[in-house]
Amino acid sequence: MSGPKIACIGIIGKADNPLHISLFPPYLNSTIEFSFLLNSCLDIFEIRLKQTSVDQDLGLLHAVDEKLAAYGWLTTTGVKLLVIIDLIGLPVPSSIEKQKGSPKTGSKDPDLKPVFRALQTAYIRLLQNPFYFPDDHIPTFKAAAPASNSLQITDHKFIAEVKHIGEAWGLDTPMF
């Protein structure tokens with residue numbers, strides 16, 4: 001048996017610029033594919049913003065195929081949090097299965113609110129860092145385009161916290 005796990009976490013800025021992308025096994029070498037998926041989800045954010053009043057939790061944005069599904073969360077500052085779930089996941093060892101009962105299945109929407117809240121809390125902690133300047137991550141349209149990595153979040157503590165959030169949910173353990 002297997003359960004769903006997080007395949008990718010994306011933090012997208014107000015100007016639809018990627019601030020951070022974390023990939024989880026077995027998708028560590030799929031940066032281009034997941035960048036494309038995250039970018040396609042931004043169109044869905046725009047459509048939902050124009051049509052209705054949007055709550056923070058946008059729920060399922062895009063069912064990519066029978067295996068991957070993208071979920072979204074919008075912060076009050078316009079930063080978008082995206083989580084792509086591998087609905088099939090990895091095999092669950094039989095000893096864990098016996099202890100916890102049946103694992104999560106892809107038959108219903110996974111509960112990602114704790115994941116999104118933890119990601120939002122991690123981002124707020126990053127903003128509270130006096131040495132972090134969020135304006136440095138807003139793209140400017142100049143004649144010479146800056147390197148794409150210069151606009152990404154490089155804070156090691158934030159990156160480690162995002163990795164922990166993705167791995168903790170994937171193991172089906174309480175996050176906090």
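Author: A residue is called buried when its relative accessible area is under 20%, exposed when that area is over 50%, and partly exposed in between, using a 1.4 Å probe and protein chains only. The model is a predicted one, in which local features need pLDDT of at least 70 and side-chain atom pairs count only at pLDDT 80 or more, while totals for chains, interfaces and linings use all residues. Residues are numbered from 1 along each chain as its sequence is written, and side-chain values use heavy atoms, with hydrogens and water left out.

The protein chain holds four helices and five strands, where helices (H or I, at least four residues) and strands (E, at least two) are DSSP runs numbered from the N terminus. Their order from the N terminus is β-β-α-β-β-β-α-α-α. Of the 176 residues, 40% are buried.

Side chains of opposite charge can pair when their charged atoms come close. A salt bridge here is a side-chain nitrogen of Lys or Arg within 4 Å of a carboxyl oxygen of Asp or Glu. By that rule there are three salt bridges.

One of them joins the side chains of Lys-80 and Asp-16, with 2.9 Å from N to O. Lys-80 belongs to strand β5 (residues 80–91), whereas Asp-16 sits in the loop between β1 (2–12) and β2 (18–23); the two are 64 residues apart, and the pair links distant parts of the chain. Lys-80 has a relative accessible area of 4%, so this residue counts as buried. Asp-16, at 31%, is partly exposed.

Another salt bridge pairs Asp-86 with Lys-67 at 3.9 Å, N to O. Because Asp-86 is in strand β5 and Lys-67 is in the loop between β3 (57–63) and β4 (68–74), this pair ties together parts that are 19 residues apart in sequence. Asp-86 is buried, with 2% relative accessibility, and Lys-67 is partly exposed at 29%.

The remaining pair is Arg-125 and Glu-161, whose side chains meet at 2.3 Å, N to O. Arg-125 lies in helix α3 (residues 113–128) and Glu-161 in helix α4 (residues 156–170), so parts 36 residues apart in sequence are tied together. Arg-125 has a relative accessibility of 45% and therefore counts as partly exposed.
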